[in-house]
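Subject: Structure for your files

Hello,

Here is the structure for you to look through. My notes come after it.

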Amino acid sequence: MTKKTVANPALLILVIAWLVFGLTTRLNDFNEFSIANFTNVPNITMSSPIQWYRALTCLFLSNYGFPELISNSIMLIVLSLVTRKVTTYSEFLIIFIISGMVGNLLANTFIIYLVNSQMTIPSYLTSDGANGYVVGMSTALFGLLFYTLVRYIITQKDRVKSKADLFNLTFWLFVGLIPWAYPFLGGDPFNLSDYSHIAGSVVGLLLGLVATIAARLHGSTAPKESSLGAHGAP
């Protein structure tokens, strides 16, 4: 028979993020080193493919402080309760990494385009931030959210949906989308962080659609247990 483990991939991500946060908080030299070498600075990150690693390493940094790490940690843990139902252990990590890294690269490309554009930029957009740095896992979290929305709707369409799951997804969708309305209501224009969140969402959405199509081609909508999530027993 098969015995399932309760391992949650979100824990691995949090261990890395909190360990790095502890080092940057306690060791000033390490903090300065991480800012100089591991943060996502659009003009530096996009200057050469060799620098693209910054779009990934910045996901595990929290140089903005404790509140950012706490809020991201809460969202990751709570969202993972639903995401784990539609992914395997390894798929969860892959989605986190791809949506976070590719989302950051897309946001970098967009803001650099705005900086170099000869056209008049709409009032709800800004090119500020091309030389500033962005850190945090929120780009990947938005990717996970939209991936989960797509996969959950498809895989659970013929089942009774959990009210807790629906509240979970609706809450984070509301929290994530409301700030996107501010620039159109006279608030501050979109900035690099907003571009990253939007790009991460798009990548997550596309990954969800690709996973859905692939599952249908293989005649299944439910994820198989990862080798990390199950082992044989007599």
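Predicted model: local features only at pLDDT ≥ 70, side-chain atom pairs only at ≥ 80, totals over all residues.

Residues are numbered from 1 along each chain as its sequence is written, and side-chain values use heavy atoms, with hydrogens and water left out.

The structure holds one salt bridge (a side-chain nitrogen of Lys or Arg within 4 Å of a carboxyl oxygen of Asp or Glu). Asp-165 pairs with Lys-85, with 2.8 Å between the closest N and O atoms. Asp-165 is in helix α8 and Lys-85 in the loop between α5 (66–83) and α6 (89–116), so the pair ties together parts 80 residues apart in sequence. Asp-165 is buried, at 7% relative accessible area, whereas Lys-85 is partly exposed at 45%. Buried means under 20%, exposed over 50%, and partly exposed in between (1.4 Å probe, protein chains only).

There are twelve aromatic pairs (rings of Phe, Tyr and Trp, the last by its six-membered ring, with centres within 6.5 Å; planes under 30 degrees apart are stacked, over 60 edge-to-face, the rest tilted). Among them, Phe-142 and Trp-180 have ring centres 5.8 Å apart and planes at 20°, so they are stacked. Phe-142 belongs to helix α7 (residues 138–155) and Trp-180 to the loop between α8 and α9, 38 residues apart. Phe-142 is buried at 8%, and Trp-180 is buried at 17%.

Helices (H or I, at least four residues) and strands (E, at least two) are DSSP runs, numbered from the N terminus.

Regards
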